[in-house]
Amino acid sequence: METTTVTPRNLLELRPWHFRPFRKAAVLGAGTMGAQIAAHLANAGVEVLLLDIAPKEGSKNAIVEQQFQKALKMKPDPFFDEAAKQRITLGNFDEHFDRVGEADWIIEAVVERLDIKRQVMARVEEAAREDAIISTNTSGLPIREIAEGRSEAFRRRFLGTHFFNPPRYLKLLELIPTADTDPEVLARVAWFGRFYLGKGIVVANDVPYFIGNRIGVYGMMRVIALFEQGRYTIEEIDALTGTLVGRPKSATFRTADVVGLDVMLDVARNLYEKATNDESREAFRPPKILETLVEKGALGQKTGAGFYKKEDGVIKSINPETGQYEPPRPLNLGDLDRIKSIPDLKERLRALFADEGRAGEFFRTTTLDLLAYAARRIPEITDNPANVDRAIRWGFGWEFGPFEIWDALGFEQVVEGCRKLGYALPAWVEEMPKKGATSFYRQEDGRPQVYHPVEGRYVDDPIPADEIRLAVIKADPKRTLWQNAEAALLDLGDGVVLYEFRSKANALGQWVMEGLLEVLDRVESDPNIRGMVIGNEGRHFSVGANLGEAVMAVAQQEFKLLETFLEKFQEAMQRIRYATKPVVVAVHQRALGGGCEMVMACPNPVAAAESYLGLVELGVGLIPAGTGTTRLVVKAAEQAPHGHPSEILPWIQKYFETVAMAQVATSARQAQVMGFLPPHARIVMNEDRRLFVAKQEVLRLSEQGYQPPTKPTRVKVLGKPGYAALMVGVDQYRKGGFITEYDQYLASKLAYVMTGGNLTHPQEVSEDYLLALEREVFLHLLGQPKTQERIMHLLQTNKPLRN
C-alpha cells in the first residue's frame with residue numbers, strides 16, 4: 001500500500017482512517033495547563049494518567065490532588081461532563097512514573113524551565129514505550145534545546161505542542177517539530193488534534209514564542225506602551241480593540257487582567273531575552289506600568305485588581321500618572337457610534353482607517369505597526385501568511401488575522417500608510433506588485449490561494465475535504481435553490497440540501513419558519529433530493545423565537561396571529577421529526593429556546609462538542625411551546641420501562657427542574673445527559689466539520705433506507721397527583737426566597753402542561769393534546785404584564801429580569 005508523504009502544507013488532507021488514535025495518554029505536570037490538557041484529552045475519550053511531583057511530607061499525591069481539585073472548580077469548566085472526569089487517574093513522580101510506559105502519547109507540561117524539562121525528558125526516555133509519541137508543552141522555550149542529550153530514536157518521536165489557555169475552548173494548537181522529528185509523528189499528532197481534540201493545527205518554526213504569542217504579545221505590548229504615554233485612556237483603548245475591530249469584547253486590558261499581569265510580564269521578559277535577532281526586540285521590554293502593577297500584587301482578575309479594579313460597585317481603571325484607580329471618563333473618540341453601526345467588518349475597518357479623529361489615528365498607528373511586524377516575521381516564524389492569520393484567529397479569537405486585515409484595508413493603502421508612519425516593510429512585500437500580487441489571498445479558478453513569500457508566488461490554500469464552507473457554496477448562484485428575506489435553501493451536492501437561517505442572531509421568526517415549511521414540502525416531494533441539513537455559520541445556531549415579533553403582535557392585540565404562528569412553529573418542528581426523508585439539524589454554540597426545540601425535534605442531530613443547549617423560556621415569562629415541553633414529557637414516559645407513574649415521576653421531575661431553572665447544557669455531552677440530545681447524536685469535536693458530518697449522516701440514513709420515528713399514539717401523563725409532587729419543591733423555593741412569586745406562577749403553568757393539564761389521575765393522552773396545552777399556556781402567559789416586562793427588558797438590555 002502506498003504511504004502518505006506528510007508535509008506541513010498537506011496536514012489538513014489527512015482523513016479519519018489515516019492513523020490509529022491515542023487511547024492512553026500521560027500528562028506530566030498538573031498545573032494550570034497540565035490539568036486542563038488532561039481534561040480535554042479525557043473529553044476526547046482518552047484515558048489519562050496525570051502526574052505531578054510528590055511533596056516532601058504527607059501524602060505523595062497531595063500536590064496532584066490539590067491541582068486536580070482546582071481544575072474541577074475552574075470556570076469555564078474544562079470538562080464536558082462527569083464521565084470525562086472519571087477517565088483521569090492521578091499519581092506522582094515518585095511512585096507512578098513507570099506507568100508512563102503504558103501511554104501512547106506523553107505530554108510534558110511542567111514548569112517553564114529548561115533545566116527541569118530536560119530532567120523530566122531523561123526520565124521519560126527510560127520509561128516510555130518505543131512507539132510512544134512524546135511532546136513538550138511550552139509557550140516559547142526552544143524545542144530542540146529541551147531534547148538535548150536524548151537519543152536519536154527519542155528525538156524522532158519528539159515535538160513541541162503549544163495548547164492555548166484554556167485548552168478546551170481556544171482552538172489553536174501549535175505544533176513545533178525539530179529537524180529530527182519524524183514527519184509521520186507530526187502528522188499523527190496533527191491528525192489526532194484536529195479530529196479528536198477539535199483543534200486548528202498550525203505548524204510553527206522552532207523560534208521564540210512560535211507564531212501566535214510572537215505576534216499577539218507584540219501587539220499587546222505596543223498598545224500598553226501607547227497607553228503609558230497618556231494619550232488614550234484604558235476605556236478608550238478597550239473600545240478600539242474589542243468587538244469594534246472584530247476582536248473579543250475583553251479587548252486589550254480586560255484580556256491582560258484575565259491572563260494575569262504576572263504571566264504577561266514573564267512572557268514579555270522571556271521574549272526580550274530570547275528574541276535577540278528580532279529588529280523590534282525593544283517592543284518586548286516590559287512597560288513600567290506592567291512592572292509596577294505586578295510589584296504591587298495587582299495581577300489582574302485573580303487578585304481583584306490589575307488594569308481594572310471594581311470598587312464600591314464601580315469598575316475603575318489605573319491612571320498611569322498617579323498610579324490610582326479612577327472612575328471611567330467619557331470617551332473622546334468622535335463619531336464612533338456611526339462606525340460601530342456598520343454591520344460588515346471589512347467596511348467597518350475601512351471606515352475606522354479613514355477616520356480623521358483620535359479613533360482613526362489610534363487604529364492606524366497600532367494596526368499598521370502590527371501588520372508590518374507580522375510581515376517582517378516571515379519566514380522566521382513560518383513561511384506562510386495564512387499560518388499567521390490562523391494562529392491569531394484561533395489563538396486570540398480575532399475574526400481576521402493580520403494579513404486578512406491587510407487585504408480588507410487594501411494592499412496599497414497599508415503599504416503607503418506604513419511608509420508614512422515609518423514602519424519598515426520586508427523586501428518581499430515591496431516586490432509583490434512587481435509579480436502581479438496586490439493581495440495576500442485570492443481565488444484562482446475557484447481555488448483559494450495565498451501568496452507564499454518564499455516561493456514568490458500564489459500557492460493553493462485548500463479547504464479541507466471534510467469541511468463545508470457556506471460562503472463558497474453561496475458564491476455560486478446556481479447552488480441557491482430558494483430564498484426569502486431571512487433564509488435560503490442551498491445545494492450541498494450529492495442530493496443533499498441545506499436550510500440556512502439568515503435572520504438577526506438566527507432568530508426563528510415568521511420568515512424563517514414559513515420558509516422551513518415550504519422547503520420541507522420541496523424536500524419530501526422532489527425525487528432528486530435525498531435529505532436536508534439544517535445549519536448555518538452564524539456565531540450561534542439560534543437564540544430562539546423572534547421575541548420582537550411577539551411583542552409587536554401583543555401590542556397590536558393580534559393574538560389570533562400569534563396563535564397561528566405558534567401552530568405553524570409546532571407544525572414545522574413535527575415535520576422535522578416525522579419527515580419521510582432524513583432531516584439532520586447541525587447545531588453549534590448556543591441553541592436556546594426554539595433553537596433547542598428544533599434540535600430536540602430532530603431524530604438524528606449532529607452537534608459540535610461546544611454546543612450549549614437550553615430551554616430558557618421561563619426566564620422571559622413563557623414556557624417552551626415549540627414542542628419542547630411535549631418532547632420531554634414523551635421522553636419521560638418512554639424512559640419508564642413499565643409505564644408506571646412511580647417510574648415516570650423521577651424523569652418528569654428531572655426535566656421539570658431543568659426547564660424551570662432555565663438550565664443550559666455546557667457541552668453537547670451534557671446536553672445528552674439533560675435530555676436535549678439523544679444518546680445516539682453524532683458529536684463532532686471540530687466545529688468546522690459539523691456541516692460535512694451532517695451531510696454524511698443524511699447520505700447514510702438515505703442509503704440504508706430511511707425510516708422516520710413512529711409517532712406515539714398515546715403518552716402516559718401523571719395528572720394532578722404528579723402536579724402536586726412537582727409543586728412541592730417549587731413552594732419550598734418560594735418560601736426560602738429563592739424565586740419570586742411570578743417565578744412560582746410560571747413554574748405552576750409548566751407543571752400543568754408537563755402533567756397533562758386538568759386531569760384528576762394518571763392517564764394516556766396524545767401528542768397533539770400536549771401540543772395544544774403548550775399553545776394554551778404560552779398564549780396565556782404572553783398576555784401577562786409581567787411576562788411582557790421580562791421580554792422588553794431582555795430585548796432592551798440583553799439581560800433577564802426577575803420580577
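A charge sits over a ring if NZ of Lys or CZ of Arg is within 6 Å of the ring centre and within 35 degrees of the ring normal. Arg254 meets this description: it lies over the face of Tyr308, at 4.1 Å from the ring centre. The model is predicted.

**Nonpolar cores**

- The largest nonpolar core holds 130 residues.
- Leu41, Trp105, Tyr499, Leu516, Met532, Ile534 and Met598 touch the most other members of this core.
- Helix α8 (residues 183-195) supplies the largest share of the core, eight residues.
- In soluble globular proteins, nonpolar side chains tend to be buried together.

**An eight-stranded sheet**

- Eight strands form an open sheet with mixed pairing. Their order is β3-β2-β1-β4-β5-β6-β7-β8.
- Strands β3 (88-92) and β8 (200-203) are the edges, each pairing on one side only.
- From one strand to the next, the twist averages 25 degrees.
- Strand β7 (residues 172-177) runs parallel to β8, and four bridges join the two.
- Leu172 stands opposite Gly200 in β8.
- Helix α17 (residues 385-396) lies across β7 and β8. The helix runs at about 140 degrees to β8.

**Aromatic pairs**

- The whole structure contains 34 aromatic pairs.
- Phe93 and Phe97 pair edge-to-face, 5.4 Å centre to centre, with 90 degrees between the planes.
- Phe93 has a relative accessible area of 9%, so this residue is buried. Phe97 is buried too, at 6%.
- Trp482 and Tyr499 form a tilted pair, because their planes stand at 35 degrees, with the ring centres 6.2 Å apart.
- That pair links distant parts of the chain, 17 residues apart. Trp482 belongs to strand β15 (residues 480-483) and Tyr499 to strand β17 (residues 496-501).
- Trp482 counts as buried at 14% relative accessibility. Tyr499 is buried, with a relative accessible area of 0%.
- Ring pairs join Phe19, Phe22, Trp105, Trp191, Phe192, Phe195 and Tyr196 into a cluster.

- Arg123 places its charged end over the ring of Phe97, 4.1 Å from the ring centre.
- Phe97 is also the partner of Phe93 in the edge-to-face pair.

Conventions:
Residues are numbered from 1 along each chain as its sequence is written. This is a predicted model: local features need pLDDT of at least 70, side-chain atom pairs count only at pLDDT 80 or more; totals for chains, interfaces and linings use all residues. Side-chain values use heavy atoms; hydrogens and water are left out. A nonpolar core is a set of buried Ala, Val, Leu, Ile, Met, Phe, Trp, Tyr and Cys residues joined through side-chain atoms within 4.5 Å. Buried means under 20% relative accessible area, exposed over 50%, partly exposed in between (1.4 Å probe, protein chains only). Two strands pair if DSSP finds at least two bridges between them. Axes are lines fitted to C-alpha atoms, for helices over the stretch in contact, and angles run from 0 to 180 degrees between N-to-C directions. Contact means heavy atoms within 4.5 Å. Rings of Phe, Tyr and Trp (its six-membered ring) pair if their centres lie within 6.5 Å; planes under 30 degrees apart count as stacked, over 60 as edge-to-face and the rest as tilted.
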